Number of protein chains: 2
Amino acid sequence: MKKRSGIGIRDLASHLGLSISTVSRAMNGSPEVSKETQDKIRAEAERLGYRPNQSGRSLRSGSTNTVALTMRTDIGRTVAGETFFMALSEGLQASLSSAGLDLLILPCSSDQDQNEFLYRAVDRHLADAFVISNVQRYDPRIDYLRRGDVPFVALGSSETKGDYAALDLDFAGVARAAVDRLTAAGHRRILLGLTSQDTNSNFAFLHGYQKGLSDAGLPFDEELVLRPYDRIAGGAEIASALLDMKVRPTAVLLIQETMAMGLYQKLNQAGISPGKDMAVIGFRENPVCRYLAPTLTSFRVDLRAYGYRLGEVMIRELNLSRRPEANSTPRLELFPMVLVDAESG
Amino acid sequence: MKKRSGIGIRDLASHLGLSISTVSRAMNGSPEVSKETQDKIRAEAERLGYRPNQSGRSLRSGSTNTVALTMRTDIGRTVAGETFFMALSEGLQASLSSAGLDLLILPCSSDQDQNEFLYRAVDRHLADAFVISNVQRYDPRIDYLRRGDVPFVALGSSETKGDYAALDLDFAGVARAAVDRLTAAGHRRILLGLTSQDTNSNFAFLHGYQKGLSDAGLPFDEELVLRPYDRIAGGAEIASALLDMKVRPTAVLLIQETMAMGLYQKLNQAGISPGKDMAVIGFRENPVCRYLAPTLTSFRVDLRAYGYRLGEVMIRELNLSRRPEANSTPRLELFPMVLVDAESG
DNA sequence: CGAATCATCGCAAACGTTTCCGAAAATCTG
DNA sequence: CAGATTTTCGGAAACGTTTGCGATGATTCG
């Protein structure tokens, strides 16, 4: 509605005595225009403060030169923590900008359906490509994006079939390694703290946990799997449940490391000292948990590098104009994490 | 570059035997088209999966129907964490959607200049209006936005002159109230933990702190003001500095409550028990700090409501087509916070 | 030196939508 | 019932950019 003051390409062209097309080409660095004119145009554009109108350019070219990262803002439930997306987008942005792409984040609030939210964003063509997070075990968004042939990468694995790119932290591997470590230390009843979400991370983590148990020849006990609702308060829930068990576990494995805070507190109140009487391992090393005592054993990942890699995968997807043949299994890449040895387990 | 499969308004129109204009009007709910045709068009649009192309519509209308929230992702330095923006955008989104506006977040990474970042976003017309955060004491972005006559609201107060809308938490009031509380309890040397940033929050907080001191007839000592770099690790820095002081303070006031985590730890290691030997007050009640022992005295704010209010202010700004007369002082609104009485101070 | 290639640039047609303006039909008014 | 008004819709011109195609002059080649 509002008239934006900016000058257009036409003004710049007539101002220079050149044609619109030449100016356009110069601004896009086309080799069809001579070096000198190109410089001249660039300089004048800078002087007049001309910046190409995004709507016009994307209407014509069909691309917005942006990729969108969709993210749930439901802070109680989403598994990612205090600075996860921030650190991630640091790297993602860096990676994308090297390909001339801009990053924007689409926040999906808790009273919106995350599927509909994405469909709308896609249909409105808010971005050329999408990163979907909070991936569900069977995620309809994946089908939608594939059907519409819009480039995307799933941040998180999924059981949804099809040929698409996915990048995830190695939830299964981490869980297994953690269990291996615990059983090697003699633990035989290990409580598993998951999330109430239906994300695939939960399943992968559970799966790795089971693998770890069978590695040690231990039985799987469904009773030992807890799924509290809240990311942070969930730790206290877990502690309460743990304290009520007839045969008390000797170790806890948490998919959400911030749960350790409430867990520690409740345990201490009950006279159980974490790290001594009860081993605790968290999924990801988290600055927020840095000051827990004892320090929390967990797995480290360079989130900036993770985001950077995500951008690289995205760029690859964007250059894959058309999938040659349909692969029925996703091209999943697991990002490595390394154990950081700490006091809690 | 990629051909998006979607059908256009033309297809839908010819499919219905109607004109493009009628379809366009129907989709926008114009009163110029009869109720029945409107319903018919809507139904057919739904059936064919037609969704208006955003580029075309915003090229013509000049507005994208989106507002952008700019956010620094430099997690070490920015005062607000990811959960802050998440909770905020929950409310903001709700508020904006009631006016048919979409919200998108523009993440500015640490290696980008946040001014240039905004200029670019504005010039590319990525959104109709902007919320700028991490507001500097004198913020050139404000001048830029005002000059370009693009609607915005500053999330954070500033000393930049001019007629614009700003919304902020009451940093000054909180600091003053905290100091009042501490002096009333007999404290005379209160350490102030700020951030190394040049944001106005720091100045406001400092100002309130000074006000609080003079309320109690106490002198201001520059030595007692610390500005650690890191949001989380800063607390440990503060503790170290505190322990080295010849005349040791008896209370600490933190603009960034997560600093309390490192602070607590370092103090405990030195045999000083927070809450008993050393009063601690944090700025904002934060779920991340919930499990600190002793519980952290701080100030509560409903971030969702804060975001909602932010949206309301934004909508008001968008409807203010043109400022009638230039007011030289910003229209600043302070959002209330309430003290939550806890054990630490 | 004529022809062929190449470098550089202009013309004009899109891209998909909104909206001004006018026309036709329907309704109202006196 | 004639004229005036309202309702409902269609035609067509924008919005600012990209890009296929053609034109011009310069350069190269045999």
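**Figure 1. A methionine tucked into chain B.** With 21 C-beta neighbours inside 10 Å, B:M337 counts as buried (a residue is buried if 20 or more other C-beta atoms lie within 10 Å of its own, exposed if 12 or fewer, and partly exposed in between, with C-beta atoms placed from the backbone). This is a predicted model, in which local features need pLDDT of at least 70, side-chain atom pairs count only at pLDDT 80 or more, and totals for chains, interfaces and linings use all residues. Residues are numbered from 1 along each chain as its sequence is written, while chains are lettered from A and ligands numbered from 1 in the order in which they are written. You can find B:M337 in the loop between β11 (331-335) and β12 (338-340) of chain B. Helices (H or I, at least four residues) and strands (E, at least two) are DSSP runs, numbered from the N terminus. Which residues does B:M337 touch, leaving aside its neighbours within four places in sequence? They are B:L169, B:D170, B:V174, B:F299, B:R300 and B:V301, where contact means that the C-beta atoms of two residues, placed from the backbone, lie within 7 Å. B:V301 is 36 residues away along the chain from B:M337, yet their C-alpha atoms are separated by 5.0 Å.

**Figure 2. Helix α9 of chain A and its packing.** Helix α9 of chain A covers residues 200-215. Look for the buried residues of α9(A), among them A:F205, A:Y209 and A:L213. The buried residues of this helix pack against α8 (171-184), β6 (190-193) and β8 (251-254) of chain A. After α9(A) comes A:G217, with a positive phi near 70°.

Figure 3. Most residues other than glycine have a negative phi, and most peptide bonds are trans. A:H125 is not a glycine, but its phi is positive, about 55°. A:H125 sits in the loop between α6 (114-123) and β3 (129-132) of chain A, and it counts as buried because it has 21 C-beta neighbours inside 10 Å. In chain B, the phi of B:H125 is near 55°, also a positive value. B:H125 likewise counts as buried, with 21 C-beta neighbours inside 10 Å. Now for the peptide bonds: the one from A:A293 to A:P294 is cis, with omega near 0°. A:P294 belongs to the loop between β9 (279-284) and β10 (297-300) of chain A. B:A293 and B:P294 are joined by a cis peptide bond too, with omega about 0°.

**Figure 4. Where chain A meets chain B.** Here 52 residues of chain A are in contact with 50 residues of chain B. On the chain A side, the elements giving two or more residues are α4, α5 (84-97), β2 (102-108) and α11 (259-269). The largest share, 8 residues, comes from α5(A). Sorted by class, this side has 21 nonpolar, 20 polar and 11 charged residues (Ala, Val, Leu, Ile, Met, Phe, Trp, Tyr, Cys and Pro count as nonpolar, Asp, Glu, Lys and Arg as charged, and the others, Gly among them, as polar). How can chain A be laid on chain B? A turn of 180° and a shift of 0.1 Å along the axis do it, with an RMSD of 0.1 Å; this is the relation of a two-fold axis. The same surface serves both copies, as 94% of the contact residues of chain A recur in chain B. The copies are superposed by least squares on the C-alpha atoms of residues with pLDDT of at least 70 in both.

**Figure 5. The protein surface around DNA strand C.** The surface near DNA strand C has 9 nonpolar, 12 polar and 6 charged residues.

Note on methods
Expected span 1.5 Å × (residues − 1).
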